[in-house]
Amino acid sequence: MRDKCGGAANLRTPTLKIKRCPECGREIEVFSTDMEIKCGKCGFVIYNEIESCIQWCKYARECVGDELYKKLKKT
Ligand SMILES: [Zn+2]
Ligand SMILES: [Zn+2]
């Protein structure tokens with residue numbers, strides 16, 4: 001797969017980040033491809049800001065791949 005715009009680099013190579021639950025302070029592992037993550041302790045749902053070209057790139061389907069495109073586009 002070629003890079004068309006670079007907007008999808010994060011999505012094709014998922015990176016792991018640690019976020020903190022704003023409700024209970026528990027650390028939560030968040031992959032760059034996760035849209036929303038539920039806190040394992042209190043159930044609070046954290047939304048991930050996905051950096052990608054899906055919203056504006058006309059090659060988005062090719063950029064991120066068919067499967068991921070469908071997953072991210074539906075919301
Ligand atoms: Zn929590
Ligand atoms: Zn793109």
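Me: Is C42 buried, partly exposed or exposed?
Reply: The model is a predicted one, so the values here are computed from it. The relative accessible area of C42 is 39%. Buried requires under 20% and exposed requires over 50%, so C42 belongs to the class in between, partly exposed.

Me: Is C21 buried or exposed?
Reply: The relative accessibility of C21 is 4%. The cut-off for a buried residue is under 20%, so C21 counts as buried.

Me: Which protein atoms are the donors of the zinc ion (ligand 1)?
Reply: The donors sit 2.3 Å from the zinc ion (ligand 1).

Me: What is the geometry of the site of the zinc ion (ligand 1)?
Reply: The four donor atoms make angles of 105 to 115°. Four donors pass as tetrahedral when all angles lie between 85 and 135 degrees, and the ideal angle for such donors is 109.5 degrees. The site of the zinc ion (ligand 1) is therefore classed as tetrahedral.

Me: What spacing do the donors of the zinc ion (ligand 1) follow along the chain, and how many residues apart are C21 and C42?
Reply: Along the chain, the donors are spaced as C-x2-C-x14-C-x2-C. C21 belongs to the loop between β1 (16–20) and β2 (27–31), whereas C42 belongs to the loop between β3 (36–38) and β4 (45–47). The pair thus links distant parts of the chain, with a separation of 21 residues.

Me: In what pattern do the helices and strands follow each other along the sequence?
Reply: The chain has three helices and four strands. Read along the sequence, their pattern is α-β-β-β-β-α-α.

Me: Which residues of helix α3 are buried, and what arc do they fall within?
Reply: Helix α3 covers residues 66–73, and its buried residues are L68, Y69 and L72. Viewed down the axis of α3, these buried residues line one face of the helix, because they fall within an arc of 105°.

Me: Against which helices do the buried residues of α3 pack, and which exposed residues does the face turned away carry?
Reply: The buried residues of α3 pack against α1 (9–12) and α2 (60–64). On the face of α3 turned away from the buried side, the exposed residues are E67 and K70.

Me: How many residues make up the largest nonpolar core?
Reply: Among its members are A8, L11, C53, I54, L68, Y69 and L72. Helices α2 and α3 each supply at least two residues of this core. A second, separate core has six residues, including I28, I37, C39 and I46. The residue count of the largest nonpolar core is 11.

Me: With which residues is T33 in contact, leaving aside its neighbours within four places in sequence?
Reply: T33 is found in the loop between β2 and β3. At 12% relative accessibility, T33 is buried. Its contacts beyond those neighbours are L11, P14, I50, L68, K71 and L72.

Me: How far apart in space are G65 and L11, C-alpha to C-alpha?
Reply: G65 is in the loop between α2 and α3, and is buried at a relative accessible area of 14%. In sequence, G65 and L11 are 54 residues apart. In space, the C-alpha to C-alpha distance between G65 and L11 is 9.2 Å.

Me: Where in the chain is confidence lowest?
Reply: The average pLDDT of the chain is 84, and 89% of the residues score at least 70. Confidence is highest in β2, at a mean of 93. At a mean of 76, the lowest belongs to α1.

Note on methods
Residues are numbered from 1 along each chain as its sequence is written. Chains are lettered from A and ligands numbered from 1 in the order in which they are written. This is a predicted model: local features need pLDDT of at least 70, side-chain atom pairs count only at pLDDT 80 or more; totals for chains, interfaces and linings use all residues. Side-chain values use heavy atoms; hydrogens and water are left out. Donors are N, O and S atoms within 2.8 Å of the metal (3.2 Å for Na, K and Ca); water is not among the atoms, so sites may look incomplete. Four donors count as tetrahedral if all angles lie between 85 and 135 degrees; four count as square planar and six as octahedral if opposite donors are over 155 degrees apart and all others between 65 and 115; anything else is irregular. Buried means under 20% relative accessible area, exposed over 50%, partly exposed in between (1.4 Å probe, protein chains only). The arc is that of the directions from the helix axis to the C-beta atoms. Contact means heavy atoms within 4.5 Å. A nonpolar core is a set of buried Ala, Val, Leu, Ile, Met, Phe, Trp, Tyr and Cys residues joined through side-chain atoms within 4.5 Å. pLDDT is the predictor's confidence in each residue, from 0 to 100.
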